[in-house]
Amino acid sequence: MKRHSSLALALAVGLVALITPLVPASADATTAREVSGATLRWGLSNETNNSAFAPGTYNFLSAGKVADPGVGGQTFKDAATWLNGKPAGWKAEAGNVAIEKRTVSGSYAAATWEGLKTSSTGASISPPTSKVFSDHQVVLSGGSGWADPDTGRAKIAWDGDFTVVFYSGMSFFFVSDPELSVARDGTGVLTATLSGFGSSLADPTVWTSVPARKVTLATLPSVDIDADGVTVAPAYEGVRNGAVDQSTTGTGWGSWPTSFIAWLADAGSASYWYSSGGAVDANKPPLPIAFAWVLGDTLAEDPEDPVGPVDPEPTTPTPKPTTPAPTTGGGPGGPGGSDGPASKAFTVSDAQLWWGVNQEMSNSAFAPGTYNLFSAGTVPNPGKGGQKLTQKDWKATSGNVRIEKATSSGGHRLATWSGLSTTPAGEPLGAATNGLLSDHTVVVDGGTGTVDPRKKTATIRWKGTFTALLYSGMSYFTVTDPVLTVSGGTARLDATLGGYATAREDTSVWKALTPTKVRLADAAVKSLSSARGFTVTPRFAGVRYDAPASAVAQNRAVSGWGAFPTSFLRFQEKVGTASYWYTSGASTDRFKAALPITVSYDADKPVKTPKADAPDDASNGTTPSTPQSPTGSSTGPTAAPATAPVAVVPPPAATVLGAAAVPVGTTEGVRPVAQPIGSSPPSWPWWAGGAMAAAALLVTAGSRFLVRRA
């Protein structure tokens, strides 16, 4: 009996041995384990934690979804209220989402409304180019899913919303329900659903809902998950997105994922998320993302490998055709011509001064719905800062001064309010970096004085005032009673400047400045023998400007770097807009060079406009022969290299002009003084040359705002 039992046992063991290899025991085996209570911690980018270029505005995060203001162009009055009085609802915590701020010790604590404007040490984060940030992070908790450190896979989702706010609410969007997917090869994606509103740069009251769409927030090229989580750097450098204005030449150029950019293009803030040549491009790359979790039980079945969405290949849209450059141009006020050379000294009683100053003064500005523009006369004092000019306070004519706009045919006509925000062909200006300009010019008649062609000397004085407004009047200055002096082969244009200074952190500050006589321009003059007048291009290229320590330094590493005259810039330091008038590394530097000045000895017989070709040595101040606008449309006597963004303005204030002196007979700007006027730091240095950077501001695509920053 014992023998039979032993035999039976041996047979059973053998049978098991034979059968066992046939059983696919590993079919349902897995090393993937449950995850619950996972956290996602992310600051998005430094630009999301930066001050913005519009006066008194910032970029920041809010837990949950902030309330709809109902119209565009609104900013947070405080954490609870929009500027128009509607509920806003900034929150540090909402459901599974919290906003935390870095402390001095390096740890993180709950965010506060006041802390959105300061660094972890309490320092101001202004200007946008300071590289000082508020250091906030969005923290999502309660994530669930699974992770498998053995195979490198993971799939975890979070339930919650947060808001990304730019320009203190002029542009914002919602991010909902992020999801992490990591494949066996170590590649991963973070996806989420975006929703929010789009607006128009030309009309900030436009406020349209942008349909929600699931996009890739971050592409994760190398993810090595651990049992307790992973910290990973998203892809950016070298990523192309197909945007026309993406800069692919600077160090570290790149982009956030294509689907993310495509949605933001509709919302109006795409250029904040890729290199656009702006002063704040270095702030745009994504910051590292920290994921943390605790592994739970092993899953009952092996999950399918995560497959994240594949972003479409970027396509570059075909640029819209611009107005072709005319073969012949209309002169200031009408067609002109030459009556032959003049040799004897003569007097003038109705000379005309014709100048567009620079292309930045015909550009859109970075703040949504604002432009740079001229108004004849002195605009009314708004009484406080941060105000925009209204139509009733703008003038096309005032005394001897009028504002003219180029036409699509190459001529000029009296400016209109609606034309301040369009090209000569009627196309909206759009983004400040796209090269579309309004092409406006200041014309002053009634000049009196003497001209001696043989001695190459002249003195002509004009009576009148015009106002140069940036950001539709959030900042402006007046120019009164220009005086042209020619001697020693150099023409010098002086005038008295007036205006107001304000503070970026507090736009209600509005301080009248002492009227000051400054040098507007100086240029080489070859001859005064033309019977009708002459055209010269002011010096800009190679002119040095030593900015105060608190301001953006002059960028002298690019072709065509330069500046307006020193005394002009010293006054602009007080106004707060000096960086609009010298190369500062901004994406709109190409618009800053001084445009040609045309002086006609008789306003009824103006000098003929030069042909629309490149000027001869125009950047060095020689007499140009053939200027050209970057858009191809005529910009008057001559157009300097394309370089400036435009802004729509609030009403400027009236000023009483004095007679501070600039030495006549000197050429400014070759080696300007390094110290600022007075001991106070200049206000609004954040405007970084109209880049307002860039970096900075909102770039428009279709119904979008803006950015290049950016």
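The model is a prediction in which local features require pLDDT of at least 70 and side-chain atom pairs count only at pLDDT 80 or more, while totals for chains, interfaces and linings use all residues. Residues are numbered from 1 along each chain as its sequence is written, and side-chain values use heavy atoms, with hydrogens and water left out.

The protein chain contains three helices and 26 strands, where helices (H or I, at least four residues) and strands (E, at least two) are DSSP runs numbered from the N terminus. Of the 710 residues in the protein chain, 57% are buried, a term that denotes under 20% relative accessible area, with exposed meaning over 50% and partly exposed lying in between (1.4 Å probe, protein chains only). The accessible surface of the chain comes to about 26800 Å², and carbon and sulfur atoms account for 55% of this area; the areas come from the Shrake-Rupley method with a 1.4 Å probe, and for residues only the protein chains shown count as cover.

Two strand pairs were examined, pairing being assigned if DSSP finds at least two bridges between the strands. Strand 2 (60-63) pairs with strand 8 (residues 161-166) in the antiparallel sense over four bridges, and within this pair Leu61 stands opposite Val164. Phe60 and Ser62 point one way from strand 2, whereas Leu61 and Ala63 point the other way, and all of them are buried. Strand 25 (residues 533-536) is likewise covered on both faces, with Gly533 and Thr535 buried on one side and Phe534 and Val536 buried on the other. Its partner is strand 26 (residues 597-600), to which strand 25 is joined in the antiparallel sense over four bridges, and Val536 stands opposite Ile597 in strand 26.

Val442, in strand 19 (residues 440-452), has a relative accessibility of 3% and therefore counts as buried. Once its neighbours within four places in sequence are left aside, Val442 is in contact with Leu353, Trp354, Trp355, Phe374, Val401, Arg402, Ile403 and Phe466, contact being defined as heavy atoms within 4.5 Å.

Most residues other than glycine have a negative phi, and most peptide bonds are trans. Leu44, in the loop between strand 1 (33-42) and strand 2, has a positive phi near 65° and is buried, with a relative accessible area of 3%. Lys131 has phi near 65°, again a positive value in a residue other than glycine, but at 62% relative accessibility Lys131 counts as exposed. Lys131 is placed in the loop between strand 5 and strand 6, and Pro127 is found in the loop between strand 5 (108-110) and strand 6 (136-148); the peptide bond from Ser126 to Pro127 is cis, with omega near -5°.

Side chains of opposite charge can pair when their charged atoms come close. The structure holds 18 salt bridges, each defined as a side-chain nitrogen of Lys or Arg within 4 Å of a carboxyl oxygen of Asp or Glu. Asp445 and Arg402 form one of them, at 2.7 Å from N to O; because Asp445 lies in strand 19 and Arg402 in strand 17 (residues 401-406), this pair ties together parts that are 43 residues apart in sequence. Both Asp445 and Arg402 are buried.

A salt bridge also joins the side chains of Asp305 and Arg184 (2.7 Å, N to O). Asp305 lies in the loop between strand 13 (289-298) and strand 14 (346-355), and Arg184 in the loop between strand 9 (171-182) and strand 10 (188-198), so the pair ties together parts that are 121 residues apart in sequence. Asp305 is partly exposed, with a relative accessible area of 34%, and Arg184 is partly exposed as well, at 47%.
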